[in-house]
Number of protein chains: 2
Amino acid sequence: MGTDRRAAILEAAAGVIARRGVRGLRVADIAADAGVSTALVYYHFKGRADILRRTLELISDRAQRYTADQARTEVATGRVRAARPPRSPRRELERALLLELQDRAEVRENSTAWGELCATAVFDPELRTALSDARLCWIDALVETLGRSHGNAPPTALTAAAERLTATLEGLSTRWLGGILPLPHARELLREAVAVELAHLRHAT
Amino acid sequence: MGTDRRAAILEAAAGVIARRGVRGLRVADIAADAGVSTALVYYHFKGRADILRRTLELISDRAQRYTADQARTEVATGRVRAARPPRSPRRELERALLLELQDRAEVRENSTAWGELCATAVFDPELRTALSDARLCWIDALVETLGRSHGNAPPTALTAAAERLTATLEGLSTRWLGGILPLPHARELLREAVAVELAHLRHAT
DNA sequence: CGGCATTGACTGAATTTTCAGTTAGCGTAC
DNA sequence: GTACGCTAACTGAAAATTCAGTCAATGCCG
């Protein structure tokens, strides 16, 4: 276990992807970024494709961690100070989604890499399945959150809302990362999207 | 003006991008696809990067053309048979957006290439500006459509709705092309998104 | 008209660059 | 002494880009 070099290589890969994109990802760059020889990369990984796959896992784990941290925090505080007023469903939903629209380096990197991997997956069936799973999981989580506040709405309506919200989030994220939509504006649009969808759910009940 | 070879090369480039992605774009492929020597590609264009830029222009022109054709058709028929009942604002908006979600080869190709170029633009400032213009133009068109039916809503609300709808469309399109969202479902989600946003606009007035 | 110069479109065959992937071996800890 | 973590230097193939010229058309002078 003396080696965290392997992990460093993956971190570096995520960084390079965020900086130059999957298209611009060269094994030599990863190595340089990790302060390591290219040969070591091949010592630890099967090849470029393998690195990509593992990096996807890293990215998706990180995203998982965001939301997990979030949930854990809520539960913990909920338990400790039971007197805290329950967060409104709207707030809860907003927070869950806005986690992906923050100006923290980690988030930005993650979002960029995610976008790249989505784009790459269009032409790479192997990435596709993994990505598909991740997205379904993400949608399920949202549906669950929605269900807690609008459990009486038909399940298909909940799913549709979750699908639209994640799609909207991805679209906004692309624009943000593409530099044509300032972060605050993106966040505002997303908040409104949540409000709009929730209003619709209430009306549909 | 005797040469449409140059245009053929760009058409071919769009096709190759849609088929293999920007990363899989080889100049030799473009040439082969256009039935031309690779050298000719360099005769007409400065290099790979130049081709990419010009192809983005082509793609965005094509998208423009869709909507222009659409608008022209509406105006024309409106003039000729004035008795035709006016299309409901919702229908009009739906049609404009659903144009990008069709199973026609031309549309699929254009959407795929568009997605690829968006993804590329995140890392290429030169592409970025062009893309930004195209998107603003697209949003303006939507705002205008929205304004015709909800002119009394505050302009910022119209813009926000248009921004959200285009973002949602792009997100759905990505999923469709990525093969994780069947086309009919994507279309249904988009139709609902329109309904949801319009309801919100009405309420906000 | 008919020959000659010029030019733009175009090509096949190099040349150069770029990268993923390999090899041979060094140090060191056990 | 051997297994492990690691590197410098290399290879081979795939692509990008350039070169040296062909060909067909156009203009122009006599």
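Gly47(A) sits in the loop between helix H3 (38–44) and helix H4 (48–80) of chain A. Please keep in mind that this is a predicted model. With a relative accessibility of 12%, Gly47(A) counts as buried, because that value falls under the 20% limit. The C-alpha atom of Gly47(A) is 8.8 Å from that of Val27(A), and 20 residues separate the two along the chain.

**Chain A as a whole**

- Chain A contains 9 helices and 0 strands.
- Following the sequence of chain A gives the pattern α-α-α-α-α-α-α-α-α.
- Of the 205 residues in chain A, 48% are buried.
- Among contacts in chain A with a separation of 6 or more, 67% come from residues 24 or more positions apart.

**Where the two chains meet**

- The size of an interface is often given as the accessible area lost when the parts come together.
- Here, chain A and chain B bury about 3,300 Å² between them, with 62% of it on carbon and sulfur atoms.
- The count of residue pairs in polar contact between the chains is 13, with both residues at pLDDT 80 or more.

**Salt bridges across the interface**

- Side chains of opposite charge can pair when their charged atoms come close.
- Between chain B and chain A there are 5 salt bridges.
- One of the salt bridges joins Glu170(A) and Arg175(B), whose side chains meet at 3.3 Å, N to O.
- Arg23(A) and Glu116(B) also form a salt bridge, with their closest N and O atoms 2.8 Å apart.
- Why does this pair join two chains? Arg23(A) lies in the loop between helix H1 (5–20) and helix H2 (27–34) of chain A, while Glu116(B) lies in helix H6 of chain B, so the pair links two chains.
- Both Arg23(A) and Glu116(B) are buried.

**A closer look at Glu116(B)**

- Glu116(B) has a relative accessible area of 3%.
- A polar atom of the Glu116(B) side chain lies 2.7 Å from the backbone nitrogen of Val22(B).
- Leaving out residues up to four places away in sequence, Glu116(B) touches Arg23(A), Ala119(A) and Phe123(A), along with Ile17(B), Gly21(B), Val22(B) and Arg23(B).

**Salt bridges within a chain**

- Over all chains, the structure holds 38 salt bridges.
- In chain A, Glu106(A) pairs with Arg104(A) in a salt bridge, with the closest N and O atoms 2.9 Å apart.
- Glu106(A) is partly exposed at 27% relative accessibility, and Arg104(A) is partly exposed at 40%.
- In chain B, a salt bridge links Asp29(B) and Arg26(B), with the closest N and O atoms 2.9 Å apart.
- Asp29(B) is buried at 16% relative accessibility, whereas Arg26(B) is partly exposed at 49%.
- Glu11(A), Arg62(A) and Glu109(A) are linked in a network of salt bridges.

Terms used: Residues are numbered from 1 along each chain as its sequence is written. Chains are lettered from A and ligands numbered from 1 in the order in which they are written. This is a predicted model: local features need pLDDT of at least 70, side-chain atom pairs count only at pLDDT 80 or more; totals for chains, interfaces and linings use all residues. Side-chain values use heavy atoms; hydrogens and water are left out. Buried area is the accessible area (1.4 Å probe) that two parts lose on being put together, summed over both. A salt bridge is a side-chain nitrogen of Lys or Arg within 4 Å of a carboxyl oxygen of Asp or Glu. A polar contact is a pair of N or O atoms within 3.5 Å; within protein, one must be able to donate a hydrogen and the other to accept it, and residues adjacent in sequence count only if both atoms are side-chain atoms. Helices (H or I, at least four residues) and strands (E, at least two) are DSSP runs, numbered from the N terminus. Buried means under 20% relative accessible area, exposed over 50%, partly exposed in between (1.4 Å probe, protein chains only). Contact means heavy atoms within 4.5 Å.
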